[in-house]
Amino acid sequence: MTDVITQGRADAESEDDAGDQIRTFRFPVDLSLAGVGLQVGPMGRDHTWHAEAPLHRVHRIDFHVVMLFSEGPVRHMIDFAEYEAAAGDVLWIRPGQVHRFSRPDEYRGTVLTMQPGFLPRATVEATGLYRYDLPPLLHPDPAQRSALQAALDQLRREYEDTETLPLNLHTTVLRHSLTAFLVRLSHLATSSAQEERRHQDTTFTLFRDAVEKGFTTNHSVSAYAEALGYSRRTLVRAVRAATGETPKAFIDKRVVLEAKRLLAHTDLPIGRVGAAVGFPDAANFSKFFQLRTGQTPVAFRAEMR
């Protein structure tokens, strides 16, 4: 089969005239079997992903791409975030997203591409085809992967069978088979997003509790991440999802709050207040406080009294 990602060819439109160097590749209906609005087939060494443009460069697509990997790991960039897909994983790229292949000849598995408008609106809404908030990289468990692979294999058989039915019935069968696959895929994506949120909630809660215990001596994001057993990136994602802030901003806010309490409600010298929140040097504390509040510690204390 001719792979749609690999064969965007003359349908690729350059946006150079608009000052945008990212090329957009359209779904080539003329290269689909029987001219239907989808393609499904193998990824492998024998497939050139695109004849027109080097895929190691960022490009945009106006159609859906779902890759179910049989081998890995493979690194793939989607909307400027790097994802590493292992055997059994699924990558779902939606219309309008930019992406970039690592080494196309290393991709193994099955790829599905679908033109927007191929499915009716009710199906589009039911399957969340345009849920850009859902994660593009999915990790189905063995049972989920088996079901997805079976549904995709059935879709591929129907796609390749262009002789049994008239074109209108062939297209109808393809839509039903595609819907069955997408319902499973959408359920996996939604469940993965919910699980990720639960994980982020747990991560943030542990971080928040650790900061509450240690902010008077520890202002290091990396130190908190290491103590909790998370990568710095995981911690950043969890804290940002929960608060909209970076972990460093969260720590600093807690330090400032405590400093304000001490300045407003005690007569401790400025240097002692700084030491109490992890700044042995009074000058460094004053700089830190002024940078985050717009006032010196002395001015803040005077305003509160």
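Rings of Phe, Tyr and Trp (for Trp, its six-membered ring) pair if their centres lie within 6.5 Å; planes under 30 degrees apart are called stacked, over 60 edge-to-face, and the rest tilted. Hi everyone, I start there because ring pairs link Phe279, Phe285, Phe288, Phe289 and Phe300 into a cluster, given that pairing rule.

Some ground rules before we go on. This is a predicted model, in which local features need pLDDT of at least 70 and side-chain atom pairs count only at pLDDT 80 or more, while totals for chains, interfaces and linings use all residues. Residues are numbered from 1 along each chain as its sequence is written, and side-chain values use heavy atoms, with hydrogens and water left out.

Now the overview. The chain has 9 helices and 11 strands; these are DSSP runs numbered from the N terminus, with helices (H or I) of at least four residues and strands (E) of at least two. Of the 305 residues, 43% count as buried. Buried means under 20% relative accessible area, exposed means over 50%, and partly exposed is in between, using a 1.4 Å probe and protein chains only. Take contacts between residues at least 6 apart in sequence: 70% of them join residues at least 24 apart, where contact means heavy atoms within 4.5 Å.

Let's move to the sheet. How many strands does the open sheet have, and in what order? There are 5, ordered E3-E10-E5-E8-E11, with antiparallel pairing. Two strands pair if DSSP finds at least two bridges between them. E3 and strand E11 (137–138) stand at the edges with a single partner strand each, so one side of each has no neighbour in the sheet.

Let me walk along it with you. E3 and E10 run antiparallel and are joined by 6 bridges, and Pro42 has Thr110 in E10 as its bridge partner. E3 is mostly covered, since 5 of its 6 residues are buried.

Next comes E5, residues 64–69. E5 pairs with E10 in the antiparallel sense over 6 bridges, and there Phe69 has Gly109 as its bridge partner. E5 also pairs with strand E8 (residues 90–93), again antiparallel, over 4 bridges. Here Val65 stands opposite Ile93, and Leu68 stands opposite Val90. Is E5 buried or exposed? In E5, 6 of the 6 residues are buried, so the strand is largely enclosed by the rest of the structure. One side carries His64, Val66 and Leu68, the other Val65, Met67 and Phe69, and all of these are buried.

What lies across the sheet strands E3, E5, E8 and E10? That is helix H2 (residues 142–160), which runs at about 115 degrees to E3. The axes are lines fitted to C-alpha atoms, for helices over the stretch in contact, and angles run from 0 to 180 degrees between N-to-C directions. Glu158 lies in H2, and its C-alpha is 7.4 Å from that of Val173, 15 residues away along the chain. Leaving out residues up to four places away in sequence, Glu158 touches His170, Val173, Leu174 and Ser177.

Back to the aromatic rings. The count comes to 11 aromatic pairs. One of them is Phe69 with Tyr107, a tilted pair at 5.9 Å centre to centre and 45 degrees between the planes. Phe69 is in E5 and Tyr107 in the loop between strand E9 (98–101) and E10, so the pair ties together parts that are 38 residues apart in sequence. Phe69 and Tyr107 are both buried. Phe279 and Phe285 are also a tilted pair, at 6.0 Å and 50 degrees, and both are buried.

Rings also meet charges here. A charge sits over a ring if NZ of Lys or CZ of Arg is within 6 Å of the ring centre and within 35 degrees of the ring normal. The charged end of Arg94 sits over the ring of Trp92, 3.8 Å from its centre, and Arg175 lies over the face of Phe118 at 4.9 Å from the ring centre.

Let me finish with two loop residues. Gly44, in the loop between E3 and strand E4 (59–61), is buried at 8% relative accessible area. Gly44 touches Tyr107 and Arg108, again not counting residues up to four places away in sequence. Ser32 sits in the loop between strand E2 (23–25) and strand E3 (38–43), and counts as buried at 6% relative accessibility.
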